[in-house]
Amino acid sequence: MTVLSTPEAPESDLVLSLRGIDKNFGAVQALTAIDLDIYSGEVVALVGDNGAGKSTLIKILAGVHPQDGGTISHDGKTVTINNPADSNNLGIATVHQDLALCDNLDVVANLYLGHELGRGTINEVEMEKRSWGLLRQLSARIPSVRIPVASLSGGQRQTVAIARSLIGEPRIVILDEPTAALGVAQTAEVLNLIERLRDRGLAVVLISHNMADVQAVADRIVVLRLGRNNGEFRVADVSYEDIITAITGASDNAVTRRAQARVDSADAAAAAGAPTATALPKEERP
Ligand SMILES: Nc1ncnc2c1ncn2[C@@H]1O[C@H](COP(=O)(O)OP(=O)(O)O)[C@@H](O)[C@H]1O
Ligand SMILES: [Mg+2]
């Protein structure tokens, strides 16, 4: 395993560039002229309402659906992604929302499913050693690699699925709603893991509905709305309300009014000297 062997993050550089991507399913125009740039050493969040086209876009990158129009460049060269093998060969690993783990198999078997190191006890030992090595590099808290993944928590299962995606030594890891089913502590662990991937120089594409997660861990946010690009922001420069406005396409609706009310009450509390509820700073996450 050499995938995580370079601890220092390289300069951000463009790995994958999508231009003018179109996709329709019969009469449904799912994507229209989508642009997306993906850089090493960066977490880019892909956000948007249900039906905005997020899953369709990542399925094009994963080789599940071919695009109908537009171009994909990889390290500056135009490429086509016709199937999952093409996607893997370009160094793209996708962790789908359903994780696709085998509940009855242990952690080692799940990590090496389809990548088994030959047969026999020697290789079992080697796979177990490498599994521990990989999980250690990710600072993952897994009690044992010889228990069925069914007995792991949701956060641990997500960690195993992410660790498995690293076996093929990808440059780009796409995570579809990795925290959707998780509690607070498990979410924090997965967010820490995402930062570790980024710090090791991988490009991370994070699909999420949770703006707190996005603001905590992403560097850049790309908003899709009704299958089109509808805004791109540096996380450092953008407010929660601006993101919501881009997602919903309106500056005055029930969602943005709630967001504004939240900000107003936090401001009022701050003015009154009360401590405000803010996300845990990165260093203080468990
Ligand atoms: N396999 C499919 N067949 C037909 N329509 C689809 C298919 N997949 C997605 N769509 C449609 O494409 C649009 C975008 O969907 P999707 O990419 O799943 O959005 P998101 O992941 O942002 O919720 C929606 O209108 C959805 O109904
Ligand atoms: Mg989706």
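## Ligand shell

Helix α1 gives the most to the shell around ligand 1, with 3 residues, where a shell residue has its C-beta atom, placed from the backbone, within 6 Å of the ligand, and where helices (H or I, at least four residues) and strands (E, at least two) are DSSP runs numbered from the N terminus. This is a predicted model, in which local features need pLDDT of at least 70 and side-chain atom pairs count only at pLDDT 80 or more, whereas totals for chains, interfaces and linings use all residues. Residues are numbered from 1 along each chain as its sequence is written, while chains are lettered from A and ligands numbered from 1 in the order in which they are written.

The residues around ligand 1 are Phe25, Val28, Ala30 and Gly48, together with the run Asn50, Gly51, Ala52, Gly53, Lys54, Ser55 and Thr56. Both β2 (28-39) and α1 (54-62) supply at least two residues each to this shell. By class, the shell holds 4 nonpolar, 6 polar and 1 charged residues, with Ala, Val, Leu, Ile, Met, Phe, Trp, Tyr, Cys and Pro counted as nonpolar, Asp, Glu, Lys and Arg as charged, and the others, Gly among them, as polar.

## Chain overview

The protein chain has 9 helices and 10 strands, and buried residues (20 or more other C-beta atoms within 10 Å of their own; exposed means 12 or fewer, and partly exposed lies in between) make up 36% of its 286 residues. Among contacts (C-beta atoms within 7 Å) between residues at least 6 apart in sequence, 67% join residues at least 24 apart.

## Packing of α5 and α6

Helix α5 (residues 154-166) packs against helix α6 (residues 184-199) at an angle of about 20°, and their axes are 8 Å apart; the axes are lines fitted to C-alpha atoms over the stretch in contact, and angles run from 0 to 180 degrees between N-to-C directions. The two helices α5 and α6 are therefore roughly parallel to each other, a term that applies to angles under 35 degrees.

On the α5 side, Gly154, Gly155, Gln158, Thr159 and Ile162 meet Gln186, Glu189, Val190 and Leu193 of α6. The residues of this contact divide into 3 nonpolar, 5 polar and 1 charged.

## Positive phi angles

Most residues other than glycine have a negative phi. Asp75, although not a glycine, has a positive phi of about 50°; Asp75 lies in the loop between β4 (69-74) and β5 (77-79) and counts as partly exposed because it has 13 C-beta neighbours inside 10 Å. Glu169 is likewise not a glycine and has a positive phi of about 55°; Glu169 is placed in the loop between α5 and β7 (172-176), and it is partly exposed, with 13 other C-beta atoms within 10 Å.

Helix α8 (residues 240-248) has Ile243, Ile244, Thr245, Ala246 and Ile247 as its buried residues, and α8 is followed by Gly249, whose phi is positive, near 80°.

Pro148 is in the loop between α4 (121-137) and α5, and with 15 C-beta neighbours inside 10 Å it counts as partly exposed. The C-alpha atoms of Pro148 and Asn104 are separated by 5.3 Å, although these residues are 44 residues apart along the chain. Leaving aside residues up to four places away in sequence, Pro148 touches Asp103, Asn104, Leu105 and Asp106.

Ala85, in helix α2 (residues 84-89), counts as exposed with 10 C-beta neighbours inside 10 Å. The C-alpha atoms of Ala85 and Gly63, 22 residues apart along the chain, are separated by 7.5 Å.

Technical notes
Angles under 35 degrees count as roughly parallel, over 145 as roughly antiparallel, 65 to 115 as roughly perpendicular and the rest as oblique. Two residues are in contact if their C-beta atoms, placed from the backbone, lie within 7 Å.
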